[in-house]
Amino acid sequence: MPLLKRKPFPLAELPNDLDPNELVYQVRYTGEIFRDYDEYLNRINLYRQRVWMCKVSGKTNLTYEEALLSEEHATEKVHLFPKEVMAPALQIIQYSMLPLKDLADMIAAKLNERLYVGAELYARKDAGTYSCKISNVLEDGTGTIKYEVAWLDRNKKVTGTSIINGEDLVQKKPQFSRNFVKLFIRESTYRNAPWVLHDKLAQSHGISKSVPQNLKGKVSFKDGLLVCKKRKEMEEEAKDEPGNCKRKKLDGSERDQPAEESIKYPIDDLLVQPHPDDPVFTDRPSPSRDFNVPMECFGDLLMVWDFVSSFGRLLHLWPFSLEDFEKAICHKKGNLTLLVETHAALLRVLIKDNGEYVLAVQKRRPKITLITWTDYLCDFLEMVNIPELRDHTATIKRGHYGLLDANAKLAIFRELINQALESNIVREKLDEIVEQRQALGASRREEALEEARKKREKKERLNAEPDVNRGVDLKSVGSAAANGNHIRQNGDIVKKRNGEIQSYREDHVSDKSESKQLHTASKQNVEGKAPINNGKDLSDKDAKKLPRDDGKEVRGKSSKERVWSISLFSSFLCLCFRVIHFMKILA
């Protein structure tokens with residue numbers, strides 16, 4: 001029965017009071033009958049969606065009908081499982097908590113070590129190895145085991161029998177693969193973690209259905225099927241146990257045990273404590289070996305696929321997946337187009353390079369087709385002159401390239417790619433890719449440097465703003481002082497009383513000393529003789545104005561000098577701050 005969302009899907013029940021002459025709608029592959037056309041269409045549309053899973057093989061993304069066919073084929077394979085080793089395998093499966101992959105690996109490893117009646121393998125005879133089949137297992141009183149084997153010819157017909165020792169038997173390939181054991185496990189069980197066998201199968205092979213000690217209290221039976229208990233049910237059962245009852249005080253009152261601190265989610269993944277029902281995970285997962293090609297040549301498979309995918313535009317090839325390429329390599333019936341086009345693309349690169357291969361194929365037409373590609377490939381194998389590859393030339397010429405082993409096909413591909421890597425076309429493409437990556441790296445470094453420079457300049461501006469503001473304040477102070485002197489000079493009121501010159505200031509009081517000096521100088525000039533200019537006597541009015549103008553010039557000069565000194569000092573401070581900041585950047 002195919003699974004929907006990994007759960008069995010119940011079929012629709014037959015309608016009640018169905019009349020034999022009534023027209024109904026029936027699903028062909030399930031036998032379901034519907035009276036309503038809309039219900040029939042909805043069910044058909046559901047069956048046609050790729051949401052179904054094969055119960056036996058575990059394949060997903062199938063339609064219902066494809067899942068049914070997959071189950072039939074898988075069941076036929078499972079029926080080929082030898083009955084002699086079925087009981088030991090079922091004993092391992094029953095109530096196992098291992099994941100499917102690990103469980104299949106363990107069973108396959110144990111069964112491959114065990115020889116049973118009917119196993120086909122090879123044995124040594126007359127300094128050679130021949131195919132045989134075990135017909136009987138003989139044990140003597142000393143514990144020595146010998147095998148009676150039947151020798152087989154190419155058509156699997158018995159040609160003779162003999163008794164040999166176990167050391168003379170040779171297994172060229174394992175009897176049980178992981179995929180085959182997986183099918184057997186899925187077909188034999190109705191649930192996982194723990195894996196539980198079907199009742200009839202367990203009874204027929206004498207497998208006990210009693211729950212092991214480590215699972216007691218975690219599982220229960222419901223309607224004859226094993227069901228794992230939920231966490232809440234387990235906690236309630238734990239509370240009901242006598243050892244977990246509430247303690248009583250001496251006075252008869254009850255008190256609760258200290259409760260565990262509740263965990264507040266979300267929390268870090270490393271802090272999540274595993275539950276007893278969780279499956280046991282190994283520290284390191286077992287490596288995947290579920291490949292069609294042998295493990296020793298899987299590296300060549302990856303190398304060839306990666307090269308063809310990376311240089312697909314240069315080779316004029318459409319991209320394809322690794323799974324398709326692996327299936328094409330393992331295909332034996334005929335020459336697939338994927339492999340033919342890949343070979344042709346690599347051979348065209350060698351021809352365009354005008355190297356040694358051009359001399360080997362100069363007698364042929366320059367165009368490689370689906371018919372002539374084998375001739376070009378044979379010329380290439382003769383050119384490289386590798387004995388292991390040259391031995392396949394006859395098979396390829398006869399048009400049976402598909403019959404070659406996966407090792408041979410990948411070895412030919414590996415040598416083709418090695419020759420293509422030495423060609424100028426691929427070298428130029430590699431240099432172009434390297435230059436692009438270097439240019440991209442240089443542009444990213446320049447962007448990073450430019451961004452760092454902008455941040456540095458922004459920081460310098462922020463550090464220089466306080467210094468500039470300080471200089472501006474000092475200049476404003478100097479200009480304010482000059483303006484005060486100017487106002488004070490313009491605000492002086494000079495009056496003459498009783499032959500003396502008196503000055504009154506209206507704005508500032510701190511310049512009294514300067515006004516006194518000016519008053520004294522003007523008084524001395526008035527009481528004394530007037531100065532002589534060019535031999536002429538100055539008038540009283542000119543004599544009175546002269547000392548006042550001189551005082552103004554003196555005060556103007558002193559205020560200008562103070563402003564200049566303050567501005568020079570502020571510019572000097574700004575220069576010092578800039579030099580210090582520049583030294584920090586250099587350091």
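**Reading a predicted model**

Biologist: How many disulfides does this model hold?

Modeller: The model is predicted. A disulfide needs two cysteine sulfur atoms within 2.5 Å. By this rule the count comes to 0 disulfides.

Biologist: Are Cys54 and Cys132 buried or exposed?

Modeller: Buried means under 20% relative accessible area. Cys54 has a value of 0%, so Cys54 is buried. Cys132 also has 0%, so Cys132 is buried.

Biologist: What share of the protein's residues count as buried?

Modeller: The protein has 587 residues, and 29% of them count as buried. The protein exposes about 41,000 Å². Carbon and sulfur atoms supply 52% of that area.

Biologist: How many helices and strands are there?

Modeller: The secondary structure comes to 19 helices and 20 strands.

Biologist: At what angle do helix H2 and helix H5 cross?

Modeller: Angles from 65 to 115 degrees count as roughly perpendicular. The axes of H2 (residues 64–78) and H5 (residues 178–188) cross at roughly 105°. H2 and H5 are therefore roughly perpendicular to each other. Their axes come within 9 Å.

Biologist: Which residues make the contact?

Modeller: H2 brings Ala74, Thr75, Lys77 and Val78. H5 brings Phe180, Leu183, Phe184 and Glu187. By type, the residues of this contact divide into 5 nonpolar, 1 polar and 2 charged.

Biologist: What share of contacts comes from residues 24 or more positions apart?

Modeller: Take the contacts in the protein with a separation of 6 or more. Residues 24 or more positions apart account for 50% of them.

Key. Residues are numbered from 1 along each chain as its sequence is written. This is a predicted model: local features need pLDDT of at least 70, side-chain atom pairs count only at pLDDT 80 or more; totals for chains, interfaces and linings use all residues. Side-chain values use heavy atoms; hydrogens and water are left out. Axes are lines fitted to C-alpha atoms, for helices over the stretch in contact, and angles run from 0 to 180 degrees between N-to-C directions. Helices (H or I, at least four residues) and strands (E, at least two) are DSSP runs, numbered from the N terminus. Angles under 35 degrees count as roughly parallel, over 145 as roughly antiparallel, 65 to 115 as roughly perpendicular and the rest as oblique. Contact means heavy atoms within 4.5 Å. Ala, Val, Leu, Ile, Met, Phe, Trp, Tyr, Cys and Pro count as nonpolar, Asp, Glu, Lys and Arg as charged, and the others, Gly among them, as polar. Buried means under 20% relative accessible area, exposed over 50%, partly exposed in between (1.4 Å probe, protein chains only). Accessible areas come from the Shrake-Rupley method with a 1.4 Å probe; for residues, only the protein chains shown count as cover.
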